[in-house]
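Subject: Structure handover

Hello,

My notes follow below it.

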Amino acid sequence: MSQKTPETLTGAQIVVRLLERQGVRTLAGIPGGAILPIYDALSKSTLIHHVLARHEQGGGFMAQGMARVTGVPAVCMASSGPGATNLLTAVADAKLDSIPLVAITGQVPRAMIGTDAFQEVDTYGLSIPITKHNFLVSSADQLLDIVPRAFRIAASGRPGPVLVDIPKDVQNQLVEVDEWPEPGCAELIPPPDVELVERAAAMINQAVKPILYLGGGVVHSGASKVAVGLAEKAGLPTVMTLMALGAMAVDHDLSLGMLGMHGARCTNLALDECDLLIAVGARFDDRATGKVAGFCPQAKIIHIDIDPSELDKIKTAHVGIAGDVQTVLEMLLPKIESPLREAWLARVASLKAAQPLRMPGVDDPRTPYGLIRAVADCLDDEATITTDVGQHQMWVAQAYPLRRPRQWLTSGGLGTMGFGMPAAIGAALAEPERTVVCFTGDGSILMNVQELVTAAEENVNVKIVLMNNSSLGLVFQQQTMFYGERIYASKFKGMPDFVRVAEGFGVPAIDLDAEIDPRAALAAALSTRGPMLIHVSIAMHEQVLPMVPPGAANKEMIGG
Amino acid sequence: MNSLTRTENQALARTVLELDVNNHPGVMSHVVGLFSRRAYNVEGILVMPVGSGETSRIWLLVNEDERLDQMVKQVEKLEDVLAVRRHGAEHEVFVRLEEFFL
Ligand SMILES: Cc1ncc(C[n+]2csc(CCOP(=O)(O)OP(=O)(O)O)c2C)c(N)n1
Ligand SMILES: [Mg+2]
């Protein structure tokens, strides 16, 4: 606790001061009647840079971009009613991917709550199932407790979004503040059960065919290094979920890349043979496991997660350890022997050699894999990669050489089209020294296309690679594969001129289709600072393979 | 609401959950929402403030099914839930109320 002389401040001023004290320097949002007192107070802040989004969902994803690259809670703001409802998709997305976010919404004055006042919606009620926790603030002095708590909750344990709904009259209410609370930060987690860690170590030491299965929790916990250390010491072939990509370099000897619906054959087949699965910060999502009964059918399971409710949720673990995964792995490491696993490692190597991820066209920058690799060839591991949702997302997940935790930002759990570009803007705002590349599709980009002008306004170093297949490609692919080629509502008839669209928003653009030397054009575009859109046509029939049919076991994958 | 008949319903094993929670207007929504979202019927609910009114106690009567352990873990995760205790169906709290539901 600090501060001596009491100050009389409005609720709005208190919010802004608490955000400043929290260390917030950039936030995104859109003002409106019910949050104007906060915006008025914000206008006087010399510390906080407010980024004006053009749709609240865009603002929410910008905050997510900041939070995903830094691991620190980021802030977005919206007014009541439509402002708040527009924000909800980005909040739900943060919930499913465990991203620390603090969303602040304006609400109609307390006396009008429940009267169907202008722009009144029950933001509190709407946000209960999609937040880690939420607050409806009923007096300005409560802000001194609630705002730091919101940050604490967002960052503690398994991170997640917290929404704070503040009625307009509370924002205007005067309060005397004589002491400022400490900023809210992550709480310590109870230490893991040592005996369980011993048992896990014994199981790893005795296993003949173990596999390490890393999830997004490894990235959140900052445990990538120790996870790789464990894999190396114990000789563990390693698979990653979509959320964990980058935790271990994909070209590491022990890496089998991404598992699940679009994992390589060798990856899913190795899992099918393993006798021990060590799940770390992973939640057995159905896109990763396929039909659960067919997932690692012979394996014993060690499950390590910070959230006790994840243990035994989908698969019953033989040893379930609740705890911060970094702490648990650090305790585990010295107890691990370095067994020779020659037979298993040789078996995995032969699977990898026989059934690797096939990337047809990888040498041709006018094909999906070739384009992704050509982009990667222009960049180093310092670049940050975001995606939208669809085929392009899966191709990038399969083919981009991700090697750094927090290098990879994608909407995993909710799979929200429209995530990529605003998240890239947020990532670039938080880490301006990096090049941020957003791979997007002709469907997804239109879901938050208005944020192009925000990118131009903020002059962020964001390169948007638009993979245009004139379709909702992933839908087109599923209709082709599973609905008797009855293509319906997935082929676009009208097509915007994306180069002119970008230019119209103030973002320079190139059309790779028209370039004689696409590699040179890419290299030039990616090395010029500032926002840029790079348009590339992709053949509509291109598919993401292999593919596990929804509901099937992973070993029943098609193609690849 | 589930679609079981009254007799089917009575045949199911029951569990009584006792929750200590912070007493404010949103708590009931948070708790009950966890069940409704999973189509898990809550058969009985009782809530009263405890002591000075800072906290409340919520009693829930629920059917036992294979999701109950997961439900309890989810309830424990709620920020405003301070403690969760499990009791058998023989717990008196709902039995004593039966006369009001004749
Ligand atoms: C907001 C939202 N609406 C609908 C979907 C369902 N969906 C998943 S992928 C996809 C197609 C995406 O098209 P595009 O962005 O062009 O990517 P492509 O698959 O063609 O690479 C759709 C409609 C979704 N994931 N998100
Ligand atoms: Mg497309």
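Eleven residues of chain B touch 15 residues of chain A, where contact means heavy atoms within 4.5 Å. This is a predicted model, in which local features need pLDDT of at least 70, side-chain atom pairs count only at pLDDT 80 or more, and totals for chains, interfaces and linings use all residues. Residues are numbered from 1 along each chain as its sequence is written, chains are lettered from A and ligands numbered from 1 in the order in which they are written, and side-chain values use heavy atoms, with hydrogens and water left out.

**Interface**

Chain B and chain A bury about 1,000 Å² between them, and carbon and sulfur atoms give 49% of that. Buried area is the accessible area (1.4 Å probe) that two parts lose on being put together, summed over both. B:H30, B:K73 and B:E79 supply 50% of the area that chain B buries against chain A, more than any other three residues.

Two salt bridges cross this interface (a side-chain nitrogen of Lys or Arg within 4 Å of a carboxyl oxygen of Asp or Glu). A:R152 pairs with B:E79 in a salt bridge, with the closest N and O atoms 3.1 Å apart. On the chain B side, α2 (27-37) and α3 (68-77) each supply at least two residues that touch chain A. α3(B) gives the most, with four residues. Helices (H or I, at least four residues) and strands (E, at least two) are DSSP runs, numbered from the N terminus.

**Magnesium site**

The magnesium ion (ligand 2) is coordinated by A:D442 (OD), A:N469 (OD1) and A:S471 (O), at 2.0 to 2.2 Å. Donors are N, O and S atoms within 2.8 Å of the metal (3.2 Å for Na, K and Ca); water is not among the atoms, so sites may look incomplete. Along the chain, the donor spacing is D-x26-N-x1-S. A:D442 lies in the loop between β17 (436-441) and α18 (451-458) of chain A, and A:S471 in the loop between β18 (462-468) and α19 (473-482), so the pair ties together parts 29 residues apart in sequence. A:D442 is buried at 2% relative accessibility (buried is under 20% relative accessible area, exposed over 50%, partly exposed in between; 1.4 Å probe, protein chains only). A:S471 is also buried, at 2%.

**Cysteines**

The whole structure has zero disulfides (pairs of cysteine sulfur atoms within 2.5 Å). A:C296 is in none; its nearest cysteine sulfur, in A:C274, is 3.9 Å away. A:C378 is partly exposed at 30%, and its sulfur is 17 Å from the closest cysteine sulfur, in A:C438, too far for a bond.

Best wishes
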